[in-house]
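Please open the model in your viewer and keep the selection tool at hand. The tour below moves from one selection to the next and says what is found at each stop.

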Amino acid sequence: MNQHQRLAFLTVVLTLGIATGLAFALSGGSAKVGELPIVVLCAAAAFVINWLAFIPSYLYRTEHYFDLVGSLTHLTLIVVALVGSSDLDLRSIIVSVIVGVWAVRLGSFLFLRAQKSGGDGRFDTIKHHPGTFFSWWSIQALWVLVTGSCSLVIITSAERETFGWVAVLGLALWAAGFLIEVLADRQKTQFRSDPKNSNTFIRSGLWAWSRHPNYFGEIVLWIGVAVLAIPLLSGWKFVALISPIFVFVLLTRISGIPILERRSIQRWGDDVAYQEYLRRTPILLMRKPNAKIKDL
């Protein structure tokens, strides 16, 4: 077993361990099928779906369905949680709908974008190494479970709470974040569709206010789902609040912004207009715009 294979094996073991711990932490006071908590079934379903999807994806060396399967996993977990739960209330129904709408919209958007661009550069090497590629599908299963942890708590909770002002606040945050994400994606798609913009960067619309407004919207909408879940949290269920934290860290420190910022600097780093854009435009809208090329 070489170094890459060992790393892939350890990654899969770690994702399974984290998923198991999280599933049981979220299971207290939740609906069950027999003696098995619904959240545990959801966790198992997340891995089974992604592992099955890995097989044809590796055989054909394609990543085209990676994001689509991620969205399908989100939808499947929502369905499993709904079917296994009883006495559904307004909060659980609303959360099921908004997470479903988000998953369908984002999954179809990313899938169509990958089809149009011919693929995702992140997988150029990975998809030819079965162990590493398999570990990415495992990580996606964990991503779905962690990201959706607050929504799963809401749907599977054995106790219900009145849809009060906290829930209204959470729903408003989700709506604001979703609108920002959709609008930002649409603006960038329209910008890229114009041939005259092929060698320049977008700095209009929401992109004049933030270098990554779509990610800002993504973070805000999951904060909204977490706020919706707060009245139902107790004991180990507070672990569910890792959801928006995880989304924030993932997008700002790991797979989102760092990669895109490096690519942009490599392409336009010598452009005076881009340097000015970096200086005056914050990464997310969450801090003073003081970025410098040498700091990125």
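Begin by selecting Phe133, which counts as buried because its relative accessibility is 0%, where buried means under 20% relative accessible area, exposed over 50% and partly exposed in between, with a 1.4 Å probe and protein chains only. This is a predicted model, in which local features need pLDDT of at least 70 and side-chain atom pairs count only at pLDDT 80 or more, while totals for chains, interfaces and linings use all residues. Residues are numbered from 1 along each chain as its sequence is written, and side-chain values use heavy atoms, with hydrogens and water left out.

Phe133 and Trp137 are four residues apart in helix α5 (residues 130-147), and so are separated by about one helical turn; helices here are DSSP runs (H or I, at least four residues), numbered from the N terminus. The ring centres of Phe133 and Trp137 lie 6.0 Å apart with the planes at 70°, so the pair is edge-to-face. Rings of Phe, Tyr and Trp (its six-membered ring) are taken to pair if their centres lie within 6.5 Å, with planes under 30 degrees apart counted as stacked, over 60 as edge-to-face and the rest as tilted. Now extend the selection to Phe47, Trp51, Phe54, Tyr58, Phe66 and Phe134, which form one aromatic cluster together with Phe133 and Trp137.

Arg61 is found in the loop between α2 (38-59) and α3, and counts as partly exposed because its relative accessibility is 31%. The phi of Arg61 is near 50°, a positive value in a residue other than glycine. Most residues other than glycine have a negative phi. A second stop of this kind is Asp87, in the loop between α3 and α4, where phi is near 55° and the relative accessibility of 61% makes the residue exposed.

**Trp102, Trp222 and the core**

Which parts does the pair of Trp102 and Trp222 tie together? Select both residues: Trp102 lies in helix α4 and Trp222 in helix α8, so the pair ties together parts that are 120 residues apart in sequence. Their ring centres are 5.0 Å apart and the planes stand at 80°, so this pair is edge-to-face. Trp102 counts as buried at 1% relative accessibility, and Trp222 counts as buried at 1%. Leaving aside neighbours within four places in sequence, Trp222 is in contact (heavy atoms within 4.5 Å) with His74, Val99, Trp102, Thr147, Ser243, Pro244 and Val247.

Trp102 and Trp222 are also among the residues that touch the most other members of the largest nonpolar core, which has 57 residues; the others are Leu77, Ile98, Trp174 and Leu284. Such a core is a set of buried Ala, Val, Leu, Ile, Met, Phe, Trp, Tyr and Cys residues joined through side-chain atoms within 4.5 Å. Helix α8 (residues 213-229) gives the most to this core, with ten residues.

Arg105 lies over the face of Phe109, at 5.2 Å from the ring centre, and, not counting residues up to four places away in sequence, Arg105 touches Phe178, Glu181, Val182 and Asp185.

Next select helix α9 (residues 242-254), in which Ser243, Pro244, Val247, Leu250, Leu251 and Thr252 are buried. What covers these buried residues includes α5, α6, α8 and α10 (257-268).

**Last stop: a loop residue**

Finally, select Ser198 in the loop between α7 (165-193) and α8; with a relative accessible area of 41%, Ser198 is partly exposed. A C-alpha to C-alpha distance drawn from Ser198 to Gln5 spans 39 Å in space, for residues that are 193 apart in sequence.

Technical notes: Helix = DSSP H or I, 4+ residues; strand = E, 2+ residues; numbered from the N terminus. Lys NZ or Arg CZ within 6 Å of the ring centre and 35° of its normal.
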